[in-house]
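Please read this report with the sequence and the structure side by side.

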Amino acid sequence: MATVVDSSNPKSNFPIQYRELNYLNCSKGWKSWFFTLDHKRIGIMYLIGVTCSFFLGGIFAVLLRTELLSPSKVLMGPDAYNQMFTLHGAIMTFLVIIPGVPAAIGNIILPVMLGAKDVAFPRMNLGSFYLWMFGAAFFLAAIVLGGLDTGWTFYTPYSITTSTAVITALLGVFILGFSSIFTGLNFIVTIHTMRPPGMTWFKMPLFLWALYATALIQILATPVLGITGLLLVVERAFHIGIFDPTLGGDPVLFQHFFWFYSHPAVYVMILPAMGVISEVIAVHSRKHIFGYRFIAYSSIAIAVFGFLVWGHHMFVSGQSRMVAVIFSAITFSVSIPSAIKVFNWLTTMYKGSIRFTTAMCYGLAFIFIFSIGGLTGLFLATLATDVHLHDTYFVVAHFHYVMMGSSLVGLFAAIHHWWPKISGKMFNEFWGRIACLGVFLGFNLTFFPQFILGTRGMPRRYYTYLPEFQGLHIMSTMGAYLLGLSSALMAGVLIYSVYRGKKAPANPWGGASLEWQCSSPPPHNNFDHPPLAGDPYVMESVVYNEEVGGFVPVECQGDNKESVTASGDKEV
Amino acid sequence: MKLFIPNLLANGEAGFWFPSQGSTVAESVDSVYFFILYVCTFFFVLIVGLMVLFMIKYRHRPGVEAEKTVTHNLTLELSWSVIPTLLTIVMFWIGFTSYLDMRTPPASSYEIDVVAKKWSWAFKYPNGWIESELHIPKGEDVTLTMASDDVIHSLWIPAFRTKMDVVPGRYTQEWFNATKAGTYPLMCAEYCGQKHSEMVTNVVVHETRGDFDKWLQVASDIHKNKTPVEAGEYFYKSRGCIQCHSLDGVPKNGPSFKELFGKERKFTDGTSTIADANYIRQSILEPQSKIVDGFRPIMPTFKGQLTDQDISAIIAFIKSQK
């Protein structure tokens, strides 16, 4: 048990309030959760929903990889296989990665990081959670009503002709889109209007910059997906002739519409994770982030460029050569801001005091995996090599390195970094790190062989394959098993901590941003009075305190009364 | 565009990364690939190397605080923005020029029409012969003009490093010049449903044009190579009978061939006859002479397009549809 500080304690002048009432126990009963307007409780419900979806999608992945142990039938026939890879992709994309960091972690942390009581529109926030639940229910309905076998991309005319539950799934996507738009809108308004005194745009933590850039994409790109989905529903139901070539429609038009959303959506997945990593690397290295402005600008640059590159999914679709060349050129522009971020993170570690906490281990794994994911994107942006690699396992490996390896590892880093804040409990660091190592090794063992499979000639979405590819497929499947077990271990470690974990101090890692100034878990309204915001990366403003078992502001350390001024807005 | 970048692991032959190079563009695609691979490997080693170095050197030690360092440095930040930019411009350029080579069909080339459908390929040679495998001569430019009967497919020959979607409602083209005789896999790369992964066939590259011509002549001499029923089936599929006459008993534009032979046919003019060889022959050559009750007179004549031997084969095929 950590020391509970009460009024009789000589160090009771901490602004950190240790209190028995927090957002988790301030009210009880299912109604207090289902009708809550507290952003933290809504975030927790998102986190539970996302976690369940992750394990459902993960079970599909494990079954798929098991089937691919051999070119002949292992578990299921081709129809079941096609439905399973579709649902794996659709669930992981729409129900896990897109809402993962922004809706779950963002909802919990964003207002606390801003020193605000809540988001700008708490009712809309609850509404967007129920839209998410509703959309997810449509996906589950699609599974029950004959599955879905189009691939998560719904390419026409296949999606018009297949007998599976395309309309149900598309309605699910449509509803999820609204959830995403509302969350984005809420975050933008919150960041614009609810920053506390002293927090200028360039004193805002980088995670908030990342969420801001993400929200811009969400509200600008998602409507296109919604409309495209509706057009496809109309096409299937009434045979209008928008995408169906037999009715005079154009199947390539669908691809343009689809990727106009779905490419920016890739940045909805990765930008928040990058924001997380900026926080994690700085805090656990006890260093001021290097090149703050470049990282902030690069988030916005990625969001803007992300809108201009969708055609790189269509280099072999029959679009004109001129268009392909233009899209190839613009695509390279996205790689630059990503590279800038990686170098900034490395430089932040320079001369730091690096603690290998579980969150930091995920942060380091992120840099490793994201480097591979980002660099292999260059092969696909380059026209000549993309023609060979398009629609192969090379692409599968690349986007798993970015979407799963980076976005999800970013989510894992976020969960571990903010877990003490969210749950008020410390998890077991030893087992946390073991799970992290397992995720890292399992992930690389699963997906690295797929780069080789792809260049050697293994197309994606294949139920069976040429016998020469079996060895690499077996490696990949073994990796998937390890990855699955490690993810389960991670979840176990965290859930165990809720019941048996040590009570968390307000600031266990020594972060300087505002969320570490309120107690863990935060009280219902986060702060008693609006905190004063300074530079969120001046790690010297907090020092370790044995008694508390965590970090406390310098001015609260009895001996350091004279250094009060060092805490706030001092430029470094 | 050819770059002289060595592939450390293989040269021309099947290597660690690629299947063997089978076309004129393969070498330039591979060299672009290896250029990017070396640049990426350099940066990956740099990034992970620095990361590991910092992890070891600056790990937390009790009592040692993080050292205060500058929080930004414009020169450094600009340099790691500009150098990658320049490298990506090089990558774009070499990828672009190679791409133009592989996407510009030569003015005169051997042309083969391709029809993709769930889940097979049909390659139609200039003499009208249709085969499910692609045969081509070595050292000659070959252009495929591709169409799809149903959904989007994509024709990929890994050894040739070339791929193009086959989109219903439009023609797409793909060309190559094979450099080595042999047999290579050809597959569908765009997901197209249940048997997507079985839409795999072979490309057979013949050593000389003479070999290829001889193969085509032998292959297309259908009555020598096939039984009459097989030959009849080939005509049924390749001459369009399949569009209007089903084999499963369901009438389309014309009557189904199932259990047709030997049955009585009633015509629109009230007469009737037994469907025998003479009736079928007459229906093929003079389709408007006897219209089966319930159908429209829309079948075209095949007079002059099918020999008597061809028609006998079709009769044998219809006879076999029990």
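Between which two helices of chain A does the loop holding Pro157(A) lie? In this predicted model, Pro157(A) sits in the loop that runs between helix H4 (122-144) and helix H5 (158-161) of chain A. The bond that joins Thr156(A) to Pro157(A) is a cis peptide bond, with an omega of about -5°.

Chain B has a cis peptide bond as well, leading from Lys118(B) to Trp119(B), and its omega is near -5°. Here the loop that contains Trp119(B) lies between two strands of chain B, namely strand S1 (110-117) and strand S2 (120-124).

| Residue | Phi | Loop |
|---|---|---|
| Asn526(A) | about 70° | between strand S2 (502-503) and strand S3 (542-545) of chain A |
| Arg161(B) | about 60° | between strand S6 (153-157) and strand S7 (162-166) of chain B |

Asn526(A) has a positive phi although it is not a glycine, and Arg161(B) likewise has a positive phi without being a glycine.

Is Asn526(A) buried or exposed? Asn526(A) counts as buried because its relative accessibility is 1%, and buried means under 20% relative accessible area. For Arg161(B) the relative accessibility is 0%, so this residue, too, counts as buried. Arg161(B) is thus a buried residue placed in a loop between two strands of chain B, while Asn526(A) is a buried residue in a loop between two strands of chain A.

Note on methods. Residues are numbered from 1 along each chain as its sequence is written. Chains are lettered from A and ligands numbered from 1 in the order in which they are written. This is a predicted model: local features need pLDDT of at least 70, side-chain atom pairs count only at pLDDT 80 or more; totals for chains, interfaces and linings use all residues. Side-chain values use heavy atoms; hydrogens and water are left out. Helices (H or I, at least four residues) and strands (E, at least two) are DSSP runs, numbered from the N terminus. Buried means under 20% relative accessible area, exposed over 50%, partly exposed in between (1.4 Å probe, protein chains only).
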